[in-house]
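I opened this model to look up a sheet and a chain contact. My notes are below the view.

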Amino acid sequence: MTVHASPGRLARGAESAHAVTDRSTLTLAIDNMHCGGCMRSVERAALAVRGVETARASLAAKRLSVTYDAALAGEVDLIAALEQAGFVAAPIEAAKQDRDTARQKYLLRRVAVAGFAAMNIMLLSIAVWSGEGGDMDPALASMFRWLSALIALPTVAYAGQPFFVSALGALKGRRLNMDVPISLAVVLATGMSLYQTMVGSGQVYFDAAVSLLFFLLVGRFLDESLRVRARSEAQNLLSLQGGIATLIETDGARRRVAAHALRPGDRLLVATGERVAADGVILAGKSEIDQSLITGETAPVAAAPGAEIYAGTLNLGQPLEVEVTAGDDATLLAEIGRLMLAAEQGKARYRRLADRAAAIYAPAVHGLGLATFLGWMLAGASWQTALTYAIAVLIITCPCALALAVPAVQIAAASRLFRKGIMVKAADGLERIAEADMVVFDKTGTLTIGKPQLLDAETTPDAVLASAAGLAAASRHPYARAIVAAAERRLGKVVASSGIEEAPGEGLKRSAGDDIERLGSASWCGLEAGGEGSEVWYRWSHDAPVRFCFADRVRSDAGEVVAALKRQGYEIALLSGDSKGVVETIAEDAGIARWRAELKPADKIAWLEARAREGRKVLMAGDGLNDAPALAAAHASISPASAADISQRAADFVFQGEKLAPVLEAIAIARRARRMALQNFTIAFLYNIVCVPLAMAGFVTPLIAAIVMSTSSILVTANALRLAGRPPL
Amino acid sequence: MTALAWLVPAALFLGGLGLAAFLWALRSGQFEDLEGAAYRALEDDPPEEDQGPAPK
């Protein structure tokens with residue numbers, strides 16, 4: 001099994017024998033590239049790899065694009081080179097990303113063209129309209145109208161495409177969407193104006209049609225930008241967690257490969273502190289495994305040859321040799337994935353605010369337009385006049401506020417959350433989280449930090465803690481790290497003692513003259529077999545051993561966040577797969593009265609579904625693999641950045657940091673965004689109430705229609721941007 | 001009045017030039033990495049040969 005980067009332009013130099021190049025392109029997600037200096041180092045490191053031709057990093061996207069000669073270099077060389085320079089990199093499936101940016105550029109080009117055309121046509125029309133009835137030469141007015149037509153026709157044909165395509169799609173499916181009235185208004189206004197220009201009448205609306213397109217396209221583009229950024233962030237996250245693995249070849253050679261390329265039967269080397277890349281069976285080595293991502297249990301599990309080991313778990317002890325039994329798609333993850341998919345079906349039925357408004361709005365717009373036309377025909381007006389008024393109604397009612405204000409509000413809210421370390425992953429997540437009336441937490445890793453903490457650190461004498469920490473600093477075991485963390489809090493910097501030996505699964509020891517210093521399990525320190533699992537003993541020579549106990553601790557602000565949520569009227573619940581006693585303690589610590597313990601993933605879904613049937617809208621906060629289906633099933637969901645990748649994939653929001661406060665923050669900003677969207681609907685509605693009757697009565701000239709429409713668009717956008725503090729783009 | 005005969009086309013041409021410049025910039029990837037570009041301006045090294053479209 002090998003990993004081949006797909007050969008790019010293979011055939012290009014095939015004939016000229018001296019230039020047979022096998023050029024490939026590759027996009028890598030770079031995890032920790034934060035500044036211009038990092039960007040430069042990343043590019044330098046990549047260019048230093050033999051065979052690399054170009055390397056260009058994008059700081060905004062946290063990605064690196066490379067073209068290289070596949071005969072000389074490979075994906076793995078690049079990843080290794082970047083690793084050496086201190087950057088974590090992982091390959092990204094570039095096809096989807098390309099589609100996203102292509103769509104973004106497609107819209108931006110049309111925004112530019114429509115903007116250019118709108119400005120020029122407006123310039124010409126203002127001259128014509130202000131000269132009307134005055135001393136303007138009719139021949140000149142006619143020339144200006146023809147000029148407008150000349151600019152407008154190609155613009156409408158080009159910039160209107162996104163709307164026409166979508167409207168046609170909807171009509172084919174016998175549905176009405178917002179793009180149907182938009183397309184109708186634009187096409188009718190343009191066609192009508194062209195006719196009027198030919199017969200030399202003054203009722204020409206090119207300005208209105210084109211500026212309408214311009215504002216709508218701006219809204220579309222903002223909406224698309226938000227989705228693309230959310231998608232690309234999520235993609236980076238997933239690729240990086242997939243990571244790379246060390247493969248042992250049949251001849252014993254070791255090679256770094258991308259985790260997704262592993263197949264059953266491959267032999268893997270899992271180094272100390274590395275995540276296992278695939279499900280497998282241990283062939284050699286003895287160690288301890290942190291399975292918290294899978295089971296939610298923080299206490300490490302012993303691992304010996306023959307034991308099964310799961311993807312996503314962390315090797316804490318000695319290096320392990322693992323035979324892969326299930327690759328990328330066939331792991332334990334797949335089972336969870338199926339549950340998740342089923343749960344997501346329910347969420348797919350969610351209809352966004354703008355869509356719901358459109359469902360009422362679109363038929364109303366068509367109805368009013370038709371009524372105006374028929375009314376004027378019946379009143380004895382010519383068909384041109386009747387159609388003119390009907391178009392004015394269509395333009396006036398055009399849903400600029402809906403199409404522009406909602407995306408503007410959302411992008412402002414998302415960029416504000418982003419600056420606070422909260423990533424909006426689902427485009428409609430903001431709307432859904434704002435509707436929640438109940439918050440459900442998972443225990444391990446969500447309400448708690450998910451890492452064991454040293455208990456009663458205060459009662460341990462300084463000297464003992466310092467020597468224990470000196471030993472512990474040499475190990476990556478979570479308990480050892482907890483000791484070091486506690487010592488650093490109390491005594492400052494901890495330096496590892498020298499001459500430490502680690503016996504995997506048992507403990508650490510150090511000889512100092514005749515004395516031996518030990519840190520580890522009870523038996524390691526010469527005691528009878530210890531009682532509970534979550535303890536470590538320290539013993540200096542033949543002195544009495546000292547016991548350290550560990551437990552996972554609730555996040556420092558969990559109590560405050562729960563109390564704040566309660567004050568805001570949310571009902572709070574705690575769902576956990578852990579045992580009753582533990583869950584009860586944590587629930588009490590955090591001040592949660594309603595809790596359920598010993599739940600399997602399917603039980604969590606059932607519980608959430610029962611709440612949904614009661615009409616509750618639940619925000620689920622969880623991190624474990626076992627939470628992923630529940631995250632997908634809940635009305636809205638949020639996950640810490642330390643969560644299992646599949647949970648992050650399922651969640652609508654991902655937050656960073658040790659605190660729980662981002663949950664509050666996300667809810668607050670989402671609710672504010674919702675309020676603003678509703679405000680904007682109100683502005684749009686009021687404007688329609690005033691203008692539609694005027695337009696139906698035939699009082700609104702096309703110029704006024706266009707100006708009023710633009711003003712309302714700018715007004716709602718400005719209102720939306722208040723949320724961001726500074727412009728979001 | 002004859003002034004308009006060349007003023008209007010001139011205005012359109014200049015506007016079109018702006019549009020063309022924007023479309024060119026978009027095509028050549030000038031908007032791909034707005035954050036990184038700020039740092040690249042401060043870079044002392046001579047620019048790379050490849051200043052065209054960002055490789056995909």
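I am working with a predicted model, where local features need pLDDT of at least 70, side-chain atom pairs count only at pLDDT 80 or more, and totals for chains, interfaces and linings use all residues. Residues are numbered from 1 along each chain as its sequence is written, and chains are lettered from A in the order in which they are written.

**Sheet, chain A.** I traced an open sheet of 6 strands, order 16-21-20-19-18-17, with antiparallel pairing. Strands are DSSP runs (E, at least two residues), as are helices (H or I, at least four), numbered from the N terminus; pairing takes at least two DSSP bridges. Strand 16 (448-454) and strand 17 (500-503) are the edges, each pairing on one side only. I then checked strand 19 (515-520) against strand 20 (535-540): they run antiparallel and 4 bridges join them. Leu519(A) has Tyr538(A) as its bridge partner.

**Helix over the sheet.** Helix 15 (462-472) of chain A lies across strands 17, 18, 19, 20 and 21 of chain A, at about 75 degrees to strand 19. Axes are lines fitted to C-alpha atoms, for helices over the stretch in contact (C-beta atoms, placed from the backbone, within 7 Å); angles run from 0 to 180 degrees between N-to-C directions.

**Chain B and the contact.** I found 2 helices and 0 strands in chain B. The contact takes 26 residues from chain A and 20 residues from chain B. Helix 3 (94-131) of chain A is among the contributing elements, and gives the most to the chain A side, with 10 residues.

Key: Two residues are in contact if their C-beta atoms, placed from the backbone, lie within 7 Å.
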